[in-house]
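Good morning, and thank you for the time. I would like to walk through one model with you, region by region.

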Amino acid sequence: MRISIFGYGVTTTPLVSFLNNQGHTLHIYDDKFESASTDSFGNALLPSNAFKPESSDMEILSPGIPPYHQLVQKAQNLISEYDYFNMLLQNEANPPLNIWISGTNGKTTTTEMTTLLLEPFHAQSGGNIGTPLALLYQNKATKIWVLETSSFTLHYTHKAYPRIYALLPVKEDHITWHGSFENYISDKLSPLTIMDSLTHAIIPAQFVNHKIVAQYKGNLITYESSLDLAQKCSIALQDIVFKEPFLLDSVIALSIAKLAAKADNIERLNTFSIGKHRIEEFYDKHNRLWVDDSKGTNVDATIQAIKRYANTHLMLILGGDDKGANLTPLFEAMQGADIEIFSIGANEERLATLAKQYGIPLTKCENLTNAMGKIHAKRTPDSKDVVLLSPAAASLDQFSSYKQRGELFVSLALQNE
């Protein structure tokens with residue numbers, strides 16, 4: 001079989017290695033290749049415009065490649081990595097139990113919490129985080145795959161499906177990639193179209209009347225809130241140590257674990273440590289609170305972060321690549337609150353226009369270093385306010401990742417310590 005790989009990066013590198021070990025020599029297409037070459041394993045490294053459908057029997061792609069890319073437009077035998085390994089698992093006597101977790105915010109936290117609860121049952125995480133699918137497939141000791149699953153992956157997956165699918169709240173995001181919010185929702189719900197009667201799905205109640213949900217044959221659990229889901233799944237909410245938005249992540253993880261293995265160990269869950277750059281609080285030498293929410297890359301994430309600090313003066317660092325999102329709900333949520341904005345990044349002019357419209361004070365800073373300089377100049381040693389980095393935007397206009405953005409924020413906050 002002639003296999004082509006679209007996109008050569010973090011996602012596809014382990015897959016390429018796996019396929020090479022299986023005896024396949026690949027054609028790998030990527031925009032970063034300017035001319036044809038060959039790597040040490042004999043794989044052809046080719047520019048995207050060199051792809052010819054007639055020379056390929058199967059195309060496996062990096063999920064971040066958008067549907068309008070020339071490679072996707074030309075492909076005739078395109079499958080996702082999920083579909084490829086599902087094809088291999090059809091030959092397994094005891095395939096692993098698959099759990100997929102998706103949504104706009106909280107996927108990583110919920111996936112990690114679920115994996116922690118199910119580790120005694122030989123679970124490992126994969127997908128967007130954790131172990132690559134190729135290594136999960138090779139590790140036969142892994143009995144449960146807990147996969148953080150993006151809307152991009154779901155868009156290209158048409159054969160594989162999970163035994164348990166959990167969908168966190170869906171808010172507007174990745175509109176440029178998907179083309180519309182409705183397309184984004186449809187991709188998030190798409191596993192329900194092929195899941196069988198023995199499966200379980202946990203989804204927000206807002207989608208109960210969606211046409212895709214109406215097709216679902218399995219056990220459907222809908223939720224309005226953490227409390228609603230806890231009641232439906234008999235979870236003692238008061239015993240969980242986490243606050244929102246992590247409380248909902250906790251309840252969804254416990255619900256999944258109960259369905260998978262009756263593994264509702266709240267004491268074990270309470271040992272979980274929230275990841276870096278997600279509403280991460282720290283204090284300086286004057287005991288002033290700073291909050292690193294660099295992972296708040298969309299409107300809903302920032303709204304949830306703001307809610308935690310509703311009773312204090314908030315100095316909010318906002319801005320970056322908003323990917324065409326509708327920012328109006330964010331400014332509606334801030335209206336009347338004690339907030340001043342320090343704007344950075346590519347969408348600074350959009351932010352300034354909206355801030356003026358909604359009567360919210362905004363200082364243009366262009367970049368994070370300037371913003372922190374202005375905040376340090378305004379903040380006194382005895383300030384009781386909160387400085388929150390929650391950009392409601394991706395970081396790639398000025399940084400290599402949200403991690404780099406968050407690390408710079410922390411460094412600048414503590415620079416005079």
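The end C-alpha atoms of residues 101-208 lie 18 Å apart, and this span is 34% helix and 19% strand. Helices here are DSSP runs of H or I with at least four residues, strands are runs of E with at least two, and both are numbered from the N terminus. In UniProt, an unreviewed entry gives residues 101-208 the feature "domain: Mur ligase central"; UniProt positions follow the numbering used here, feature names are shortened, and annotations may be inferred rather than shown by experiment.

Please keep in mind that this is a predicted model, in which local features need pLDDT of at least 70, side-chain atom pairs count only at pLDDT 80 or more, and totals for chains, interfaces and linings use all residues. Residues are numbered from 1 along each chain as its sequence is written, and side-chain values use heavy atoms, with hydrogens and water left out.

The domain assignment of the chain gives domain 1 (3-76), domain 2 (83-271) and domain 3 (280-414); such bounds come from an automatic or database domain assignment. Taken over C-alpha atoms, the centres of domain 1 and domain 3 are separated by 39 Å.

Let me turn to the sheets. Strand S1 (residues 3-6) and strand S5 (residues 58-61) run parallel and are joined by 4 bridges, and Ile 5 has Ile 60 in S5 as its bridge partner. Contact means heavy atoms within 4.5 Å; axes are lines fitted to C-alpha atoms, for helices over the stretch in contact, and angles run from 0 to 180 degrees between N-to-C directions.

Within helix H3 lies Phe 85. Is Phe 85 buried or exposed? Phe 85 is buried, with a relative accessible area of 1%; buried means under 20% relative accessible area, exposed over 50%, and partly exposed in between, with a 1.4 Å probe and protein chains only. Neighbours within four places in sequence aside, Phe 85 is in contact with Leu 15, Phe 18, Leu 133, Ala 134 and Tyr 137. Phe 85 and Ala 134 are 49 residues apart along the chain, and their C-alpha atoms are separated by 7.8 Å.

A second open sheet, also of 6 strands, has the order S8-S9-S7-S10-S11-S12 with parallel pairing. Its edges are strand S8 (123-127) and strand S12 (219-223), each with a single partner strand, so one side of each is left without a neighbour in the sheet. On average, neighbouring strands of this sheet are turned by 15° against each other, direction ignored. Strand S11 (residues 200-204) pairs with S12 in the parallel sense over 5 bridges, where Thr 222 in S12 is the bridge partner of Ile 203. Helix H4 (residues 107-118) packs on the sheet, touching strand S7 (97-102), S8 and strand S9 (144-148), and its direction makes about 165° with that of S9.

I now move to strand S16. In S16, 6 of its 6 residues are buried: Ile 339, Ile 341 and Ser 343 on one side, and Glu 340, Phe 342 and Ile 344 on the other. S15 and S16 pair in the parallel sense over 5 bridges, and Leu 314 stands opposite Ile 339 in S16. Strand S15 (314-318) and strand S16 (339-344) are among the elements covering the buried residues of H15, as are helix H14 (328-334) and strand S17 (362-366). Those buried residues of helix H15 (residues 348-358) are Glu 348, Leu 351, Ala 352, Leu 354, Ala 355 and Tyr 358. After H15 comes Gly 359, whose phi is positive, near 70°.

Finally, the charged pairs. A search of the whole structure finds 14 salt bridges, each a side-chain nitrogen of Lys or Arg within 4 Å of a carboxyl oxygen of Asp or Glu. One of them joins Lys 378 to Glu 340, with the closest N and O atoms 2.7 Å apart. Lys 378 lies in helix H16 (residues 368-378) and Glu 340 in strand S16, so the pair ties together parts that are 38 residues apart in sequence. Asp 385 forms a salt bridge with Arg 379 at 2.8 Å between the closest N and O atoms, and both residues are buried.

Technical notes
Two strands pair if DSSP finds at least two bridges between them.
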